[in-house]
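Okay, everyone, thanks for coming.

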Amino acid sequence: MSTQLNNKNIAILVTNGFEEVELTEPRKALEEAGATTFIISPELMTVSSWKHTHWGSEFEVDTPLDESNAQDFDALLLPGGVLNPDKLRTNDQAIQFAAAFLHAGKPVAAICHGPQLLIETGELNGRTMTSYHSIRTDLINAGVNWKDKEVVVDKGLITSRNPQDIPVFNETMIEAFAADIHKDLASN
């Protein structure tokens, strides 16, 4: 097991309908690198994944969103899926939780549709990002310089397009979470 993320607590913010592999594979990579991960959700007990075209597995919620504080975590992972970010972006607590990471300069990794939640923070203007192609226009309208690349890193914000990009997303996310290069990039 790698130790590059030892003593790092990583929040994974999801609600029902997240793409299962976009949580399970990054979570596995983070834990293999030494991190401790926590599923944070507006759901109280369990949260259900989406697996390609149908409901997938249920996962235990470690901490309900209304009991979570971004200050307790070193970084944030936002899995995608169509349903998950669409629900989270209408939840004021989820928006505030994600915004707190950006304001503090803590790294945020979002894959596929995951960046939809970040649009609601109002913190994306001028950032360079990627995402699933169907939310490209949403991100551009939020002031993002959108790129069609496997992974894009911009001041501690790591974004990726889809499940096929997970290997490079995981590698880049771990490097960014370990580097702490974001500390001097906090929003004012």
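**A hairpin to start with**

Let's begin with β4 and β5, which form a hairpin with 2 residues between them; in that turn, His-52 has a positive phi of about 65°. Before I go on, a word on what you're looking at: this is a predicted model, so to speak of local features we need pLDDT of at least 70, side-chain atom pairs count only at pLDDT 80 or more, and totals for chains, interfaces and linings use all residues. Residues are numbered from 1 along each chain as its sequence is written, and side-chain values use heavy atoms, with hydrogens and water left out.

When I say strand, I mean a DSSP run of E with at least two residues, and a helix is a run of H or I with at least four, both numbered from the N terminus. Two strands pair if DSSP finds at least two bridges between them.

How many bridges join β4 to β5? There are 5, between residues 46-51 and residues 54-60, and the strands run antiparallel. You can pick out Lys-51 opposite His-54 in β5, and Ser-48 with its bridge partner Glu-58.

**The seven-stranded sheet**

Now the other sheet: 7 strands, open, mixed pairing, in the order β6-β3-β1-β7-β8-β12-β11. At the edges stand β6 (63-64) and β11 (151-154), each with a single partner strand, so one side of each has no neighbour in the sheet. On the β11 side, β11 pairs with β12 (residues 157-160) in the antiparallel sense over 4 bridges. One place to look is Val-151, whose bridge partner in β12 is Ser-160.

What packs on this sheet? Helix α1 (residues 20-32) does, touching β1, β3, β7 and β8; contact means heavy atoms within 4.5 Å. The direction of α1 makes about 150° with that of β3, with axes fitted to C-alpha atoms (for helices over the stretch in contact) and angles from 0 to 180 degrees between N-to-C directions.

Next, helix α6, residues 166-179. Ile-166, Phe-169 and Met-173 are among its buried residues, buried being under 20% relative accessible area, exposed over 50% and partly exposed in between (1.4 Å probe, protein chains only). What covers those buried residues includes β1, α1, β7, β8, β11 and β12.

**A group of rings**

Last stop, the aromatics. The whole structure has 5 aromatic pairs. Rings of Phe, Tyr and Trp (its six-membered ring) pair if their centres lie within 6.5 Å; planes under 30 degrees apart are stacked, over 60 edge-to-face, and the rest tilted. Phe-38 and Phe-73 have ring centres 5.6 Å apart and planes at 65°, so that pair is edge-to-face. Phe-38 is in β3 and Phe-73 in the loop between β6 and β7, 35 residues apart.

Is Phe-73 buried or exposed? At 7% relative accessibility, Phe-73 is buried, while Phe-38, at 24%, is partly exposed. Phe-73 also forms an edge-to-face pair with Phe-97, at 6.2 Å centre to centre and 75° between the planes. Since Phe-97 lies in helix α3 (residues 92-104), that pair ties together parts 24 residues apart in sequence.
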